Amino acid sequence: MYGLTQLFSGLTTAALLFLVAAGLTMIFGGLRIINVAHGSFYMYGAFIVSSLVGTALTSSAHATALFWTALIVAPLVVAALGALTEYLVLRPLYGREHLLQLLATFALFYIFTGVSLLFWGGQYRSISIPPMLQGHLTVLGATLPVYNGFIMLIAVAVGLFMWWLLQRTPLGWRIRAAVEDPEMLAAMGTNVRGLFTGVFTLGTFLAGLAGAIVGPTQSVTTGLGAQILVSAFIVAVIGGLGSVAGAAIGAIIIGLSQAAGVLWAPQFESAFIYVAMILVLAIRPSGLLGVPEQ
Amino acid sequence: MLSLQDIHSFYGRSHILQGVSLEVEAGETVALLGRNGVGKTTTLRTIMGLTPARKGVIIFDQQDITRQATHRIARAGLALVPSGRRIFSNLTVRQNLLLAQSHSKSPIGEGWTIGRIYDTFPKLAKLDSRRAGFLSGGEQQMLKLGRALVANPRFLLLDELTEGLAPAIVGDLFMWLKQLQDEGLGMLICEQNALFALDLAQRAYILDKGQIRHQGTADKLRGSKEVMQYLGV
């Protein structure tokens, strides 16, 4: 049942990738900005949880309560940082050349990395899984850590929430309209700049949430952001830049290709996601649900 | 109601509008005519704040809107019916209308609701939950006009409304615009189809290379050989 275990592992990766890529793709779709610093928000989510929870487990009830609090506080702090970043750094750059925007988010990436070294140092930090979410489930003979199930559950909940927001609410229609034609939306009386700040804040909130929940599954380091950024970009690109539903499908494809790599050819594991990307883009150059640029 | 005074606009480094001045009174229909690429669309974009003027003043309803953000200009009561397929193609017809809806306290005439839009354009009512991207060219024009009207604007800016439409639909369009005029809605109509615009308008301006070349009543311009020749009519 090693295969099934790998499938679960792939879906866990997919869940995290979706949370990060959903923000990345929305920010590109609306603001037309390729946010290289997006991974940094993810990293901050993990670091903030590690600071709040601490490494040592004191009493189990206390640890669990602390963990839930951290899970809410960390994404909120990250989102506030995101809002500030959009307002101070990106706003003046809308409508400017892409290279300048890319340089700005690239610079932010370095600054955020530097600041994290200042605050949290260069050592690895580890976060314990709260007692409530420890242990394993056995599904069809394969093992699934309870915590991985929890990660998937959060991603599914976020996915459903995003679907509801974008399909069923006037705010969501505005976001989709802004992706298609921000000028016309403004000419119809919507404050598109304010909407963009909201989209950026929501995107960074999701990155912060992903970082907050990933903490207990791996060691928290400064490199966390760069690590996920590359995969999340691939997810966003194969899903079609701007499409949240595409990001969900892309995340599953990449998560499972990675798992297939581990299963069949561990020495070429990292090649698998690139092969998946090449295959998808060869068939659909704008991504699975992307719209070709005019 | 709307007044442009010595407006200069640029796209990047190219100087598109070179001192355009024009006036439209409340309830008046004015045509802005000229060949392709003389700055008609840029004039409308500049009024809406999409291509802000570098120089000059734009007054709407006694308010200086020259440096205002586009959404504030829209909320002040200006609505743009753009040229081309600029509906939100991923949203349904109703969603397109809902995003534009505003509840103005001082609408012109009896005021517009989605219900009244559907009464005026029964075809749109039938397409209510259809994705706007699937609409035909004529239906998209109706949606663009309906979308501008549910905002309950105090003034309409129309950009190349007849472009690419079948003659029968152009006839319908003429009738609808006439009704809006009768309700007292002011309009600035940019058109390649000069005769269509001159039939609706009381006055017209002829734009050439970013400057106003001629102006006068619609009747006078229609009678001028020079103007008609320039417009290629």
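## Where the chains meet

In this predicted model, 20 residues of chain B are in contact with 16 residues of chain A. Contact means that the C-beta atoms of two residues, placed from the backbone, lie within 7 Å. Helices α2 (70-75) and α3 (93-100) of chain B each supply at least two residues of the side that touches chain A. That side of chain B has eleven nonpolar, six polar and three charged residues. Here Ala, Val, Leu, Ile, Met, Phe, Trp, Tyr, Cys and Pro count as nonpolar, Asp, Glu, Lys and Arg as charged, and the others, Gly among them, as polar.

Residues are numbered from 1 along each chain as its sequence is written, and chains are lettered from A and ligands numbered from 1 in the order in which they are written. Local features need pLDDT of at least 70, side-chain atom pairs count only at pLDDT 80 or more, and totals for chains, interfaces and linings use all residues.

## Two helices of chain A

Helix α1 (residues 2-31) and helix α5 (residues 146-168) of chain A pack at about 40°, with their axes 9 Å apart. Helices (H or I, at least four residues) and strands (E, at least two) are DSSP runs, numbered from the N terminus. Axes are lines fitted to C-alpha atoms, for helices over the stretch in contact, and angles run from 0 to 180 degrees between N-to-C directions. α1(A) and α5(A) are therefore oblique to each other; angles under 35 degrees count as roughly parallel, over 145 as roughly antiparallel, 65 to 115 as roughly perpendicular and the rest as oblique.

Residues of α1(A) in the contact include A:F8, A:L11 and A:L19. From α5(A) come A:I151, A:M152 and A:V158, among others. The residues of this contact divide into twelve nonpolar, three polar and no charged.

## The sheet of chain B

Chain B has an open sheet of four strands, ordered β2-β1-β4-β5, with antiparallel pairing. Strands pair if DSSP finds at least two bridges between them. β2 (14-24) and β5 (63-64) stand at the edges, each with a single partner strand, so one side of each has no neighbour in the sheet. Eight bridges join β1 (residues 2-11) to β2(B). B:Y11 stands opposite B:S14 in β2(B).

Helix α1 (residues 40-47) of chain B packs on the sheet. This helix touches β1, β2 and β4 (55-60), and its direction makes about 70° with that of β2(B).

## Two domains in chain B

Chain B is divided into domain 1 (1-77 + 154-166 + 184-233) and domain 2 (85-152). The bounds come from an automatic or database domain assignment. The domain centres, taken over C-alpha atoms, are separated by 24 Å.
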